[in-house]
Amino acid sequence: MLSDFISLIFPAKCSGCQSLLIQSEKAICTSCFIEINEYAIKNYDPKFSFGRKKIDGFFSLYFLIKNSILQKIIHNIKFKNDRLSAHVLGVELGKRLKELNYNDKIDCIVPVPISKKKLRSRTFNQSEEIAKGLKTVVNVPIVTNWLKRKNGIKSQTLSNRFQRSINVQEEYYLNKKKTLKNKRLLILDDVVTTGATLQSCLEALDSNKNKSIYVVALAATKKD
Ligand SMILES: [Zn+2]
C-alpha cells in the first residue's frame, strides 16, 4: 500500500534509460534488459587469469562495453545509491550460475569487501548487494565478516598503473577470529577490469585452507 502511494508521487524510473517503469518491471526496463543481454557471455573465457593465482573457475555474466547501458547502470549502483539494480542484476547472475550447476559447487558466497571509509560514503557494498540477489536463486550463505579490506588511500593517489597494482596487493586480509576452512568459496565482484583486485583477494585467501575457489562477476572487460 505504502509502496503504491510512494510510486504515485515518485514513479520509478529505469536505471538505464530513465523511462518510467511499468508495474512488472523492477529497476531496469525490458528494452534495456534486451540490450544488456546482447553482451551476455555465452562461453567461459579460459584466458582469464588473476596474476599467477590459480582458481577453479571464473564466470562473468556480461561483457562491459564502454558507454553501454550496462556501464551506466553499474555507475548508478556505485555512485548513485542504486541498490535495487544491484539486487536485480544479482538475481540474473544467480539464474545463470544455477544453469551452470554452481549450486552444487559452492558452500558460501564471499563478496569482495570495500573499506569502512568507502562504505560510509557509498552507504552499501555493491558486491554484497549483488550477492543478496544471487542468494535468492543459489541459496548458500553470504559471508561478509571474514575477508576484509584495509582503509588504504595509497592506491587511489598513485597514477602509475603498475604502482597501483602493487599497492592493491595486501589491501585485503582475513579476520582471524572467523574460521572458514575447507570450504568451497564463491568470490563475487561487481566488475573485473585488470583483475588486480581479485588477485589481491586471492593472495589474502592463500593463508587459509580452501577446498576450491570460484570467482564470478557481473561484468568483465573484454580481453583482446
Ligand atoms: Zn531502460
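View 1. What covers the buried residues of α6 includes the helices α3, α4 and α5 (116-122) together with the strands β2 (108-111), β5 and β6, where contact means heavy atoms within 4.5 Å. Helices (H or I, at least four residues) and strands (E, at least two) are DSSP runs, numbered from the N terminus. Seven of the 10 residues of α6 are buried, so this helix is largely enclosed by the rest of the structure; buried stands for under 20% relative accessible area, exposed for over 50%, and partly exposed for what lies in between (1.4 Å probe, protein chains only). The buried residues of α6 are Gln126, Ser127, Glu129, Ile130, Ala131, Gly133 and Leu134. Because this is a predicted model, local features need pLDDT of at least 70 and side-chain atom pairs count only at pLDDT 80 or more, whereas totals for chains, interfaces and linings use all residues. Residues are numbered from 1 along each chain as its sequence is written, and side-chain values use heavy atoms, with hydrogens and water left out.

View 2. In helix α3 (residues 69-79), the buried residues are Ile69, Leu70, Ile73, Ile74, Asn76 and Ile77. They lie on the same side of α3, because they cover an arc of only 155° around the axis, the arc being that of the directions from the helix axis to the C-beta atoms. These buried residues pack against α2 (30-37), β1 (57-64), α4 (83-99), α6 (126-135), β5 (183-192) and β6 (210-221). Just after α3, Asn81 takes a positive phi of about 60°. Lys80, found in the loop between α3 and α4, is exposed, with a relative accessible area of 59%. From C-alpha to C-alpha, Lys80 and Arg122 are 8.2 Å apart in space, although 42 residues separate them in sequence.

**View 3. The zinc site.** The protein donors of the zinc ion are the SG atoms of Cys14, Cys17, Cys29 and Cys32, which lie 2.3 Å from it; donors are N, O and S atoms within 2.8 Å of the metal (3.2 Å for Na, K and Ca), and since water is not among the atoms, sites may look incomplete. Along the chain, the donors follow the spacing C-x2-C-x11-C-x2-C. The site is tetrahedral, with angles of 105 to 113° among its four donor atoms, a label that requires all angles of four donors to lie between 85 and 135 degrees. Cys14 counts as buried at 0% relative accessibility, whereas Cys17, at 35%, counts as partly exposed.

**View 4. The largest nonpolar core around Ile28.** A nonpolar core is a set of buried Ala, Val, Leu, Ile, Met, Phe, Trp, Tyr and Cys residues joined through side-chain atoms within 4.5 Å. Of the 38 residues in the largest one, Ile28, Leu89, Leu93, Leu97 and Leu186 touch the most other members. The elements giving two or more residues to this core are α2, β1, α3, α4, α6, β5 and β6. Leaving aside neighbours within four places in sequence, Ile28 is in contact with Cys14, Leu21, Phe33, Ile36, Ile73, Ser85, Val88 and Leu89. A second, separate core of 23 residues includes Val110, Val192, Leu205 and Val215.

**View 5. The pairing of strands β1 and β6.** These two strands pair in the parallel sense over seven bridges, pairing being assigned if DSSP finds at least two bridges. Phe59 stands opposite Val216 in β6. Strand β1 is mostly covered, as eight of its eight residues are buried.

Technical notes:
Four donors count as tetrahedral if all angles lie between 85 and 135 degrees; four count as square planar and six as octahedral if opposite donors are over 155 degrees apart and all others between 65 and 115; anything else is irregular.
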